[in-house]
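Work through the exercises below with the sequence and the 3D view side by side, and try each task before reading its solution.

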Amino acid sequence: MRKPALILCFLFALSILPDAAARAKVDLVTLPSRESVQLTIYNSADLTLARDIRTLTMRKGDNRLQFAWSGTLIDPTSLEMLALGQAREIQLKSLQFPPRVQGLGIWNIDSGVAGKVPFEITYFTSGISWQAYYLATLTPGEDAMKLQGYVRVTNNSGEDYENAETRLVVGKINLLDRIADLARRNEPYGRPGPGFPEPLYGMAGDRVLEEAVPAMMAAKAELKRTRPKEIRKEGLSEYFLYSIEGTEDIANGWGKRLISFTAPEVPVKNVYRYEEERYGPATVRFLSFVNDRQHNMGTEPIPGGLVKVFRDTGEEGYLSYVGARETRYVPRGEEVDLNLGPSEEVSVKPVLMNYRTDNYEWKDDRITGWDEHRTFEVKVANYRPMPVKVEVRRNFPVKAWQLENTGDPGLYEKVDADTVQYTLDLPANGEKVITYDVTWHMGSRGSR
Amino acid sequence: MKKILFFTLAMLLTAGPSAEARTKLVALPDREAVTIRFDNPSATLVEEERVLTLQEGENLVDFSWRGVQIDPDSIRLSIMTHPDRVTLLSVSYPPGEAALVWRIHSDTAREEKVRISYLLSNIDRLITYKGVASKDEKTLDLEAFLVLRNFSGEDFERARIVLGQGDPFTDQTTHEETRQIHFLTARGIKIRKTFTWDASNKPWEPQRLETDVGIPVHYIIENSPKSGLGKDPLWDGKIRMFQDDGQKGTIFLGEDHVGITPVRSRMKIYIGDSRDVSVTQFKTKDERTDPRPSKHAVVLYDTEEEIRTEVRNFKDSPVTVDLIQQIPGEWEMKGSSMEYEKRDANTLVYRVDVPAGGTKEISFNYSRRNVRN
């Protein structure tokens, strides 16, 4: 095991001046070790809130407590200390960052009591991250899936955390500065005068993610376990807090995979969408499911992450890989639309069958307006051996248009001022043709 | 590290202060009391008291500094004990030196206390805040810290530090040292939590995007006596917001830079974005009407437009979402499914209450007038 990077020690307040010479002479009284630590790890930014509990031996009167963190990625502006017991007797007077020393802070404490006092030291560190990812396995009939959620915690903070109570926060926090930048500053708060660091915006997605780290951490506790650890989930403000049962050892440089949830049978809908302006001339497959109890999911939101989708082939449990897609954050109760990319299994082909113009309007020698009439046949074919749902959207580039249906199926809904959607249920290996006539009123014909 | 030097010189020469004259050291008076004043965020004022040993008649007092930046024109000398008997006659600046010489007249030989005031560069203060919201987000405990950054080149062993609010306190500060000092606690401040969706900068159909779209969330607190504040303005600085997690700990909610908040005004703290509230908006009608001067060469026209907005709340508690809508140019509201507040000529605010797990739909239609082609 490496030497701990975070060192806490007591100094006798012999000298008032905290210059380097005085510090060198001070006596070390106690070196209290960490009793417990709690890590609250964020994934929308490279930030972890660490809460360290240590029992310190106080002397009556002035105490000076030195905290050193060189080699770590701790943000010194976040350092805070709180007496957990006898808080009224203990007054934290100031936190001093001495000159020309990096990674060192000294708390000046006035204590009305002598003896052991538990303290909580909190700080932000960067370098610890977590990321959610999912494995989905579709049933052979593709009407349901087994969904397994995982999180991987990676520690590159420079500090080993043993027996850490680990909590993960799902949510997008606002940050002005990167914690890693604050941790690397020469002076904790910078220097006076112009040239203050500009606040950073758009921290979303700013994740320090390492390449896959093998999850080799076989902690003693885990060997004894007969079941995976549970993750307790709770909403706080606009965020979700996942608390992992028990404690974890997360050594510097290591990653760890934890099971977040398993939903054995989630009903899914297979939808194929066609919208040229959005997806180009291809049909895109979507897998949709609802994140709620009725659909066998939990009562919590799902953090964004990569979903790898497999299909059970029905042959002795062999799997076929369907595709992978990053999900967005899915609130409780929302329908997830997982875009699995272009598909050849369902085709949608719009064909222009007829074109004519009329109702020209003139001003002097110039044409100012006219109408364009088009007849389209949209051929929709399902090459799969199972029923599918197909949504075809058509956008019109003019504000004034009229649509008339001449064929079957003729039902459409208007999505917005210039978009209509046809929704079709196709049987296995089925085919349907949508026919419509559309009139576009161009130029001055568009102003009534 | 003493960079500010101070000499009293015997008045031996009747000529003006020359380099030789100023080397004749009579006394090196110690600093007696130092006050560092941080009430102006753009400049730090140092005032120090010293006792001068004056002879009868004219005295030359030399004040010089090395390795520090003092605004020479800001240096003031006040006679403390016998202002009627001791007179400052003149101030001169020796050529090419960071120094000045005071010519002081005293009616008799005496020890005289003087106060020297000057603006010192590269020493300042920042304010940082820590807020801890209660688990139910109804109240907030606020703590404020002073961060004293001394890169001035000068050490102050014992200084009275004046912030311009609260009680002054005594502390030390050495060159290149940063010191964080707690100076304010206010507990149980009432919070108002807001969700804001602005049609001009948020996507209208977030479902169409591959990335998450959040709705900005703010806490609003008032700097007033009923909040346990209201004595002094709250200075600008960085605030880090936490929330009680109900498990004897906290989680970090987010940070913001808050501007100066005078008494009786509000501090708006941006926490982060909610992804459990979503807003989808469509323009369901967009038509041109009344083309002028004729429909053949239209230069001016009106429009009929309709907006439909759906607000969904996925949370298990109700929310209030402020929808900010912009209508450019001249316009007339034709119909609105709910009341709105007109913020300015082109900005409307719909305050929409959405129950837990619910959806609320609003729509409005308007006509824009005299749109130029």
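The exercises that follow concern a predicted model, and they go from the contact between two chains to pairs inside one chain.

**Exercise 1. Describe the extent of the contact between chain A and chain B, and find which residues of chain A lose the most area to chain B.**

Solution. Begin with the residues on each side: chain A brings 74 residues to the contact, and chain B brings 77 residues.

**Exercise 2. How many salt bridges and how many residue pairs in polar contact are found between chain A and chain B?**

Solution. The salt bridges across this interface number 11. One example joins A:Arg100 to B:Glu176, whose closest N and O atoms are 2.7 Å apart, and this pair passes the test because a salt bridge needs such atoms within 4 Å. For polar contacts, the count between the two chains is 39 residue pairs. Turning to the side of chain A that touches chain B, strand β6 (residues 90–97) of chain A supplies its largest share, five residues. Sorted by class, that side of chain A has 30 nonpolar, 26 charged and 18 polar residues.

**Exercise 3. In which sense, parallel or antiparallel, does β6(A) pair with strand β14 of chain B?**

Solution. The pairing of β6(A) with strand β14 (residues 177–190) of chain B is antiparallel, and it extends over four bridges. To locate it in the view, look for A:Gln96, which stands opposite B:Arg179 in β14(B).

**Exercise 4. Classify the ring pair of A:Tyr134 and A:Phe261 as stacked, tilted or edge-to-face.**

Solution. Over all chains, the structure has 27 aromatic pairs. For A:Tyr134 and A:Phe261, the ring centres are 6.1 Å apart and the planes stand at 45°, so this pair is tilted. The two residues are 127 residues apart, with A:Tyr134 in strand β9 (residues 128–138) and A:Phe261 in strand β16 (residues 255–267), both of chain A, so that the pair links distant parts of the chain.

**Exercise 5. Which parts of chain A are tied together by A:Arg311 and A:Glu142?**

Solution. Among the 54 salt bridges over all chains is the one between A:Arg311 and A:Glu142, with the closest N and O atoms 3.3 Å apart. Because A:Arg311 lies in strand β19 (residues 305–312) and A:Glu142 in the loop between β9 and β10 (144–155) of chain A, the pair ties together parts that are 169 residues apart in sequence.

Definitions and conventions. Residues are numbered from 1 along each chain as its sequence is written. Chains are lettered from A and ligands numbered from 1 in the order in which they are written. This is a predicted model: local features need pLDDT of at least 70, side-chain atom pairs count only at pLDDT 80 or more; totals for chains, interfaces and linings use all residues. Side-chain values use heavy atoms; hydrogens and water are left out. Contact means heavy atoms within 4.5 Å. Buried area is the accessible area (1.4 Å probe) that two parts lose on being put together, summed over both. A salt bridge is a side-chain nitrogen of Lys or Arg within 4 Å of a carboxyl oxygen of Asp or Glu. A polar contact is a pair of N or O atoms within 3.5 Å; within protein, one must be able to donate a hydrogen and the other to accept it, and residues adjacent in sequence count only if both atoms are side-chain atoms. Ala, Val, Leu, Ile, Met, Phe, Trp, Tyr, Cys and Pro count as nonpolar, Asp, Glu, Lys and Arg as charged, and the others, Gly among them, as polar. Two strands pair if DSSP finds at least two bridges between them. Rings of Phe, Tyr and Trp (its six-membered ring) pair if their centres lie within 6.5 Å; planes under 30 degrees apart count as stacked, over 60 as edge-to-face and the rest as tilted.
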